[in-house]
Amino acid sequence: MPELPEVETSRRGIEPHILNKKIKHVVIRQYQLRWPIPKNLASILTDLKLSQVARRGKYLLLHFGTSGTVIIHLGMSGSLRICTPSTPAGKHDHIDFVFSNNKVLRLTDPRKFGCVLWTKLPVDDHKLISKLGPEPLNDEFNADYLYAQSRKRTCSIKTFIMNSHVVVGVGNIYASESLFMAGINPNRKAGSLSRPRCEKLVIAIKKILELAIQQGGTTLRDFTREHGQPGYFAQQLQVYGRANEPCSSCGKLIKQISQQNRSTFYCTACQK
DNA sequence: ACTGGATCCTGACTGC
DNA sequence: TGCAGTCAGGATCCAG
């Protein structure tokens, strides 16, 4: 369940266990993820010291000084946890990074939509990272930006804000939630949004993500240790997964539709 | 340059 | 129970 808040929660959860530790060895059980794990990754990483645990969008970045960076994406079903070398590996535990302090960073990903890659480049120059839009919580993501980017765009506003080249980290759940908070119909064409409504949407996206990170930080604190815990934020969702339930604002039943083969939930009365 | 659709993969759930 | 069909929190690639 990796939305941006959870990737950030994972980052904060694993960092204290492995920062500034050396890799003792790497165990790779399944190379075939979204893209294959580089064959020589284990030998490259052995004896390198982890200097920084960063995040860009939904990508987790393990920096090893000037040597290079491991790029991890959790896809739809990936998760990370800290365990020990003696913790038995499950069916979908694809890679273990074993550190000198005997802590293991373990990636689990049943659907294999995630990836583990290596780059020597400055990570911002990597193909997957270089074209990403701004971080939603940075000042760079503001009403002027969203308004300018959306002009003449005919795709729906929901599809637009989920496009990682426009802004990173807005997944299917938070797209629906943000549009509800901003009172915008998800079917509306991106280019038809007024400047004030762009501002409203930017504020909503920031607010929703900040709230989710805050909740992830408290309720999913041990997400990296106990796989599969239900997220507390699920109870805070106003429209996502609530088809045919009354709108919390007006009482009209929440509608579920499909956009780009993804479910969208919204209130036909509150969102125009 | 944009848009819509196909696609990678497994598991949970529903209905027959 | 078993089996087929549908649906999942992502995002790239490709054709038009």
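In what order do the strands of the open sheet stand, and is their pairing parallel or antiparallel?

## The sheet

Four strands make up an open sheet, in the order 2-3-4-8, and they pair in an antiparallel way. Strand 2 (52–56) and strand 8 (115–119) are at the edges with a single partner strand each, so one side of each lacks a neighbour in the sheet. From one strand to the next, the twist averages 25°. Strands pair here if DSSP finds at least two bridges between them. Strands (E, at least two residues) and helices (H or I, at least four) are DSSP runs, numbered from the N terminus.

Strand 4 (residues 68–73) and strand 8 run antiparallel, joined by five bridges. His-73 has Cys-115 of strand 8 as its bridge partner.

## A helix on the sheet

Helix 1 (residues 4–18) packs on the sheet and touches strand 2 and strand 3 (59–64) (contact: heavy atoms within 4.5 Å). Its direction makes about 175° with that of strand 2. Axes are lines fitted to C-alpha atoms, for helices over the stretch in contact; angles run from 0 to 180 degrees between N-to-C directions.

## Two lysines with positive phi

Lys-112 is not a glycine, but its phi is positive, near 60°. Lys-112 sits in the loop between strand 7 (104–108) and strand 8. Its relative accessible area is 33%, partly exposed. Buried means under 20%, exposed over 50%, partly exposed in between (1.4 Å probe, protein chains only).

Lys-152 also has a positive phi, about 65°. Lys-152 lies in the loop between helix 4 (143–150) and helix 5 (157–162). At 82% relative accessible area, Lys-152 is exposed.

## About the model

This is a predicted model: local features need pLDDT of at least 70, side-chain atom pairs count only at pLDDT 80 or more, and totals for chains, interfaces and linings use all residues. Residues are numbered from 1 along each chain as its sequence is written, chains are lettered from A and ligands numbered from 1 in the order in which they are written, and side-chain values use heavy atoms, without hydrogens and water.
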